[in-house]
Amino acid sequence: SFRLMFLRCEKFNAKAAAEMMVLHFEEKQCLFGSGEILAREVLQSDLGPNERIVLESGVMQIMNQRDAAGRMIFLVVTSKIIELMQANLTNFDDMVSHTSANHALYRIVPFTLRTSNSSGFFKYRVMWYFCMASAREEESQKKGYIWLIMNLCDFKTPMELYRRAGLLHSAIPHRLAAGHFCYDDQTLHPYVAGFHLFIGEEFKIRIRIHFGTRDEIDRALEA
């Protein structure tokens with residue numbers, strides 16, 4: 001069933017599935033280290049205390065209801081990121097650049113972004129756990145997933161975060177069926193245009209941008 005996840009994600013292209021599996025274990029080793037964890041699922045107990053704070057904050061959620069096609073919906077609420085920042089750090093750049101493992105706020109960035117002193121790679125342990133915990137469901141493997149990003153605040157996620165998340169996505173058997181980026185602040189127009197430039201062509205045709213009030217966005221999503 002493990003190998004079948006990758007085959008379904010790549011629509012039974014055996015070569016592409018094998019390449020994704022190689023990336024999967026390389027990234028898993030980079031995020032969680034070597035040893036027995038490579039041969040088993042990542043558990044919540046494998047996450048650090050600050051990573052569990054991010055996981056439990058509601059930044060990333062799985063919605064109770066599915067879309068009309070029966071696909072699982074992942075919800076990202078960026079206002080929760082601001083709440084984390086206000087409770088801990090006031091400068092997002094500090095959160096991204098901080099590399100001291102002894103700092104109490106280490107890895108508090110959404111999706112647990114951090115910089116490793118030894119490798120320089122950005123780590124996304126929470127996102128890995130969150131996605132892989134749901135990847136075992138057979139129906140979602142077949143139908144794909146929906147990502148819904150609700151940016152109903154003035155938060156501007158660094159482009160590097162989206163780029164790195166895209167790289168991580170290539171190592172996780174999650175087939176994006178569609179994505180929705182929703183925002184209500186007109187000052188974010190240039191930022192959203194830049195976001196479109198940084199995502200790959202494959203994702204660009206699957207992602208829709210919604211701007212307006214909460215009611216207008218809800219109506220657009222319902223349609």
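**A cavity and its surroundings**

The structure holds two cavities of 30 Å³ or more. This is a predicted model. The second largest cavity has a volume of about 30 Å³.

Which residues line the second largest cavity? The lining consists of Val54, Leu55, Val59, Met60, Val126 and Phe130. By class, the lining residues divide into six nonpolar, no polar and no charged.

Take α6 next. Helix α6 spans residues 125-134. Is it mostly covered or mostly open? It is mostly covered, with nine of its ten residues buried. The buried set is Arg125, Val126, Met127, Trp128, Tyr129, Phe130, Cys131, Met132 and Ser134.

The protein has eleven helices and five strands. Of its 223 residues, 48% count as buried. Among contacts with a separation of 6 or more, residues 24 or more positions apart account for 67%. The protein exposes about 11,500 Å². Carbon and sulfur atoms supply 52% of that area.

Next, a loop. Asp67 lies between β1 (60-62) and β2 (72-77). A polar atom of the Asp67 side chain lies 2.7 Å from the backbone nitrogen of Arg71. Beyond its neighbours within four places in sequence, Asp67 is in contact with Ile73 and Ile146.

Arg8 is found in α1. Is Arg8 buried or exposed? Arg8 counts as buried, because its relative accessibility is 14% and the cut-off for buried is under 20%. Its side chain joins that of Gln141 through a polar contact of 2.8 Å. Setting aside neighbours within four places in sequence, Arg8 is in contact with Glu138, Gln141, Lys142 and Arg175.

Past α1 comes a loop with two backbone features. Lys11 sits between α1 (2-9) and α2 (14-32). Phe12 is found in the loop between α1 and α2 as well. Most residues other than glycine have a negative phi. Lys11 is not a glycine, yet its phi is positive, at about 55°. Phe12 also has a positive phi, near 60°, and is a residue other than glycine. Are these side chains covered or open? Lys11 is exposed, with a relative accessible area of 58%. Phe12 counts as exposed because its relative accessibility is 54%, and exposed means over 50%.

Gly166 belongs to helix α8 (residues 159-169). At 28% relative accessibility, Gly166 counts as partly exposed. Gly166 and Phe203 are 37 residues apart in sequence. Their C-alpha atoms are 9.3 Å apart in space.

Back to the part you asked about. The second largest cavity, of about 30 Å³, has a lining of six nonpolar residues.

Key. Residues are numbered from 1 along each chain as its sequence is written. This is a predicted model: local features need pLDDT of at least 70, side-chain atom pairs count only at pLDDT 80 or more; totals for chains, interfaces and linings use all residues. Side-chain values use heavy atoms; hydrogens and water are left out. Helices (H or I, at least four residues) and strands (E, at least two) are DSSP runs, numbered from the N terminus. Buried means under 20% relative accessible area, exposed over 50%, partly exposed in between (1.4 Å probe, protein chains only). Contact means heavy atoms within 4.5 Å. Accessible areas come from the Shrake-Rupley method with a 1.4 Å probe; for residues, only the protein chains shown count as cover. On a 1 Å grid over the protein atoms alone, a cavity is a set of points where a 1.4 Å probe fits but cannot get out, and a pocket is an open set with protein on both sides within 12 Å along at least five of seven lines; lining residues have an atom within 4 Å of a point. Grid points are joined across faces, edges and corners, and a volume is the space filled by probe spheres set on the points. Ala, Val, Leu, Ile, Met, Phe, Trp, Tyr, Cys and Pro count as nonpolar, Asp, Glu, Lys and Arg as charged, and the others, Gly among them, as polar. A polar contact is a pair of N or O atoms within 3.5 Å; within protein, one must be able to donate a hydrogen and the other to accept it, and residues adjacent in sequence count only if both atoms are side-chain atoms.
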